[in-house]
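Please look through the sequence and the model below before reading on. The paragraphs that follow take up the surroundings of the ligand and then the sheet with its helices.

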Amino acid sequence: MTNKFFYFQAAFIKILIGIAVLLTTNNKVTSKKIIEIFDIFFFLRNLPSNLNNEHITFQLPRMGTMLELIKQRRSTRTFENAPLLGKLCHDVHSIVHSDNTGPFKTPIKVKLIDRQEYIKQNRNMGTYGFVKGIRSCIVGVLDERSTNGMVDYGYIIQKKIVKLLQMDLGTCWMGGSFNRNEFKDALNIPSNKFIPAIIPIGKARPKSLIERALCSLVKAKTRKPFEELFFKDSFDQPIKDTQAGEWYTPLEMVRWAPSVDNCQPWRIVIENNAVHFYMKKQLSLESSLVHINLHAIDMGIAMAHFELGCKEINKFGDWKVFEEKKVNSDQIKYINSWKFF
Ligand SMILES: Cc1cc2nc3c(=O)[nH]c(=O)nc-3n(C[C@H](O)[C@H](O)[C@H](O)COP(=O)(O)O)c2cc1C
């Protein structure tokens with residue numbers, strides 16, 4: 001109530017100042033006037049969210065099916081710079097610190113950090129300005145930089161991200177545009193350990209210009225068609241969305257998963273007793289991102305989405321490596337399989 005009163009009062013004063021600025025200085029249209037008009041416009045446009053979210057104290061859970069939720073998800077790169085408080089803070093902590101077991105059982109430590117601690121330590125969070133308004137961030141650590149470890153990292157953290165999404169919190173995977181060494185120093189992580197990626201979380205704000213440019217660069221709103229990603233029995237038999245039958249939901253949830261540069265490296269072959277996951281190697285083989293194997297994280301993310309999709313259609317199973325499926329050519333690498341019970 002106090003917040004509402006404060007913001008209405010502030011809005012009213014801003015409008016008065018705006019009108020005064022417009023009426024003074026001999027009616028000339030100066031750049032200052034234009035800036036002031038824009039400022040008032042954006043202030044009023046954001047007023048409803050300002051009224052509700054001076055601090056993020058509670059959130060309404062998102063409704064709809066898991067598939068709708070996953071399809072609506074987009075990376076958030078502009079956050080409201082506010083701390084998580086009260087019950088929300090408690091809930092986020094318990095999600096982030098709960099079950100950290102992936103299909104390959106890699107030991108992974110995951111932590112929720114608050115940027116305020118960094119400011120106190122005179123640190124700037126090392127994200128090169130790609131993501132604005134970060135206050136809270138998930139950071140995890142691996143003992144070594146293995147493909148299986150990276151798959152597990154993607155899998156366990158994406159499951160947490162989906163729960164946070166249900167609480168209407170935005171997130172963005174960041175594997176390239178952050179300074180690993182700065183994070184390691186700040187968190188006192190020994191030099192032989194590895195941070196595969198960090199994930200800022202919080203309430204989303206309207207997209208910044210940089211964010212809109214970045215999304216259009218990687219065509220973030222589009223995905224490859226079904227028949228380029230999914231197959232029946234062998235890679236010779238692509239599946240169209242209309243042919244997916246009961247598999248439509250889990251596959252569509254994989255299709256809409258986030259991935260590095262939106263390159264969607266997952267390829268899936270469905271057989272009678274299991275669904276096999278392969279990683280398509282990317283053209284930019286020399287890039288440093290590929291060098292640290294971020295695409296293995298993409299695979300873990302896809303596996304998490306697939307498993308959640310199977311839950312939706314009551315197809316129960318578990319992850320199992322099929323030795324006979326192991327291929328590791330220039331083109332493709334076998335990762336893991338979902339074996340039905
Ligand atoms: C493992 C991983 C690392 C990523 N690293 C970055 C990054 O460093 N900077 C960034 O802006 N986006 C990063 N992204 C986000 C992707 O660019 C984004 O998921 C993709 O473009 C699809 O867009 P969407 O998430 O909005 O659907 C990363 C995503 C994944 C899965």
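How many nonpolar, polar and charged residues does the shell around the ligand have? In this predicted model, the shell around the ligand is made up, by class, of 13 nonpolar residues, six polar residues and four charged residues. Of the 23 residues around the ligand, those that come nearest are Ser-75, Trp-173, Gly-175, Ala-220 and Pro-258. Domain 2 (66–215) and domain 3 (222–340) each supply at least three residues to this shell, and the element that gives the most to the shell is helix 13 (residues 294–312), with four residues.

We can turn now to the sheet. Strands of a sheet pair through backbone hydrogen bonds, and the pairing may be either parallel or antiparallel. Here four strands, in the order 1-2-4-3, form an open sheet in which the pairing is antiparallel. Strand 1 (108–114) and strand 3 (170–171) are the edge strands, since each of them pairs on one side only. Between strand 3 and strand 4 (residues 198–202) the antiparallel pairing runs over two bridges, and Gly-170 stands opposite Gly-202 in strand 4.

Two helices pack on this sheet, and they can be followed in turn. Helix 5 (residues 86–97) packs on the sheet where it touches strand 1 and strand 2 (136–142), and the direction of helix 5 makes about 160° with that of strand 1. Helix 7 (residues 147–166) also packs on the sheet, touching strand 1, strand 2, strand 3 and strand 4, while its direction makes about 155° with that of strand 2.

Key:
Residues numbered from 1 in each chain as written. Predicted model: local features only at pLDDT ≥ 70, side-chain atom pairs only at ≥ 80, totals over all residues. Pairing = 2+ DSSP bridges. Contact = placed C-beta atoms within 7 Å. Axes fitted to C-alpha atoms, helices over the stretch in contact; angles between N-to-C directions. Near = placed C-beta within 6 Å. Nonpolar A, V, L, I, M, F, W, Y, C, P; charged D, E, K, R; others polar. Domains from an automatic or database assignment.
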